[in-house]
Amino acid sequence: MQTLRQRFGTEEPEPCLRQLGYRIEEENPELMLHFLYMGLTVPDEHKVCLNRTVLGVLEQYMHTHLPAGDPQREKLRDIVLYHELFHVLEETSEGIYTRRVYATRKLLGCIPWKSKVEAASEIGAVHFSKLMARAEFSPCLYTRYLLAATNQKTDMDGAYGDGKESGWR
């Protein structure tokens, strides 16, 4: 947090993204249940896209299921922007290695090739967004709410066999 303040003069995600040469665009694509992204970084175009369609579904779900003033409702935009800011910093900073984690695999059992381990990048972005937004909850809850709002399988309905939520918080 201190490093962002020193580098950009602020900790807020939008000014940091602008100083890195990125613009924020809000789009309203058709809802695609197989690709429910809240935000997306497009490094070649220096832009971060916010999916207003998906964010709207999520905001409506939280409006219905969470009390007014709940931090999860209030921090949504900032957490999505911090998540994408992490991806921008990965692209522009040599010291962040999560974008450069590869696993060596063998094609047809004998031809070695490397594939990017996207999970490292996503885990880093989730943790960064939680810290930067000073959230006391896991940003992963947004994905769970989104899946529930679109009637997709989640572990919120007692998938652990006890009839209770798993309790991510």
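Is glutamate 14 buried, partly exposed or exposed, and what is its relative accessibility? Glutamate 14 counts as partly exposed, at 26% relative accessibility. For these labels, buried means under 20% relative accessible area, exposed means over 50%, and partly exposed is what falls in between, with a 1.4 Å probe and protein chains only.

Before going on, a word on what you're looking at. This is a predicted model, in which local features need pLDDT of at least 70 and side-chain atom pairs count only at pLDDT 80 or more, while totals for chains, interfaces and linings use all residues. Residues are numbered from 1 along each chain as its sequence is written, and side-chain values use heavy atoms, with hydrogens and water left out.

Now the overall layout. You'll find seven helices and five strands in the protein, and walking along the sequence gives the pattern α-α-β-β-β-α-α-α-β-β-α-α. Of the 169 residues, 39% are buried. The accessible surface comes to about 10,000 Å², and carbon and sulfur atoms own 53% of that; the areas come from the Shrake-Rupley method with a 1.4 Å probe, and for residues only the protein chains shown count as cover. As for contacts (heavy atoms within 4.5 Å), take those with a separation of 6 or more: 56% of them are between residues 24 or more positions apart.

Side chains of opposite charge can pair when their charged atoms come close. Here a salt bridge is a side-chain nitrogen of Lys or Arg within 4 Å of a carboxyl oxygen of Asp or Glu, and the structure holds eight of them. In one of these, glutamate 14 pairs with arginine 77, with 3.3 Å between the closest N and O atoms. That pair links distant parts of the chain, since glutamate 14 sits in helix α2 (residues 13–19) and arginine 77 in helix α5 (residues 76–92), 63 residues apart. Arginine 77 is partly exposed too, at 31% relative accessible area.

Another salt bridge brings glutamate 25 and lysine 47 together at 3.5 Å, N to O. Glutamate 25 is in strand β1 (residues 23–27) and lysine 47 in strand β3 (residues 47–51), so this pair ties together parts 22 residues apart in sequence. Look at the cover on the two partners: lysine 47 is buried at 13%, whereas glutamate 25 is partly exposed at 27%.

Through salt bridges that share partners, Glu14, Glu26, Arg52, Glu59 and Arg77 join into one network.

What about the inside? A nonpolar core is a set of buried Ala, Val, Leu, Ile, Met, Phe, Trp, Tyr and Cys residues joined through side-chain atoms within 4.5 Å. The largest one has 35 residues, and those touching the most other members are Met38, Leu58, Leu76, Leu85, Phe128 and Tyr142. Two or more residues each come from α1 (2–8), α2, β3, α3, α5, α6 (118–132) and α7, with α5 giving the largest share, nine residues. Leaving aside residues up to four places away in sequence, leucine 58 touches Met38, Leu76, Tyr142, Tyr145 and Leu146.

Helix α7 (residues 140–149) is worth a look here. Its buried residues are Leu141, Tyr142, Arg144, Tyr145 and Leu146, and they pack against α3, α4 (71–74) and α5. After α7 comes asparagine 151, with a positive phi near 55°.

Finally, the rings. Rings of Phe, Tyr and Trp (its six-membered ring) pair if their centres lie within 6.5 Å; planes under 30 degrees apart are stacked, over 60 edge-to-face, and the rest tilted. The whole structure has five aromatic pairs. One of them, phenylalanine 35 with tyrosine 37, is tilted, at 4.9 Å centre to centre and 45° between the planes. Phenylalanine 86 and phenylalanine 128 also form a tilted pair, with centres 5.5 Å apart and planes at 45°. Phenylalanine 86 belongs to helix α5 and phenylalanine 128 to helix α6, so that pair ties together parts 42 residues apart in sequence. Both are buried, phenylalanine 86 at 9% and phenylalanine 128 at 15%.

Technical notes: Helices (H or I, at least four residues) and strands (E, at least two) are DSSP runs, numbered from the N terminus.
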